[in-house]
Amino acid sequence: MDHDVTFTPVNKGPRGAILNCRDCQSSTTVHPECWPIPVPATDNYYPAQEATASGKGYCIPFTRSLPGQQHLGHREQINQNSPYLDSSQIYGENYCKAMSLRSGGGMLNVTFNPTQGGKVLMPQVTLF
């Protein structure tokens with residue numbers, strides 16, 4: 001699902017700048033499409049407070065993707081590669097790519113790990 005998310009266009013600021021949505025108030029101070037995710041004080045991974053003298057709460061920066069609808073109604077998202085969560089990164093977005101991801105028997109390519117009793121792993125990258 002990674003490419004279905006990473007190829008999603010996001011809102012930008014003046015002159016195409018990436019929005020800085022780290023501040024917990026950025027949805028009102030930076031851009032309405034900033035939706036920072038507050039980190040609870042009890043979180044074991046992220047700090048409860050920024051490492052600055054301000055002592056503000058910590059937020060994970062998040063920006064909503066560009067809306068893709070052409071009519072009023074529910075918000076639809078657009079994607080630069082495919083409009084669906086279609087697993088094309090696994091099965092290929094076209095016939096040639098799909099065939100390059102498959103073995104001779106039609107199954108997905110894999111790599112067998114000889115040090116772990118032939119455990120099936122993701123295929124290794126081959127450079128042409």
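In this predicted model, the side chain of Asn113 makes a polar contact with the side chain of Thr115 at 2.6 Å; such a contact is a pair of N or O atoms within 3.5 Å, of which, within protein, one must be able to donate a hydrogen and the other to accept it, and residues adjacent in sequence count only if both atoms are side-chain atoms. Local features need pLDDT of at least 70, side-chain atom pairs count only at pLDDT 80 or more, and totals for chains, interfaces and linings use all residues. Residues are numbered from 1 along each chain as its sequence is written, and side-chain values use heavy atoms, with hydrogens and water left out.

Asn113 belongs to strand 3, residues 111-113 (strands are DSSP runs of E of at least two residues, and helices are runs of H or I of at least four, numbered from the N terminus). Leaving aside neighbours within four places in sequence, Asn113 is in contact (heavy atoms within 4.5 Å) with Gly118, Lys119 and Leu121.

Phe62 lies in the loop between strand 2 (59-60) and helix 3 (88-91). The table sets out the accessibility of both residues, where buried means under 20% relative accessible area, exposed over 50% and partly exposed in between (1.4 Å probe, protein chains only).

| Residue | Class and relative accessible area |
|---|---|
| Asn113 | buried, 15% |
| Phe62 | partly exposed, 38% |

Of the 128 residues of the protein, 20% count as buried. The protein has 4 helices and 4 strands, which run α-α-β-β-α-α-β-β from the N terminus on.

The mean pLDDT (the predictor's confidence in each residue, from 0 to 100) is 76.
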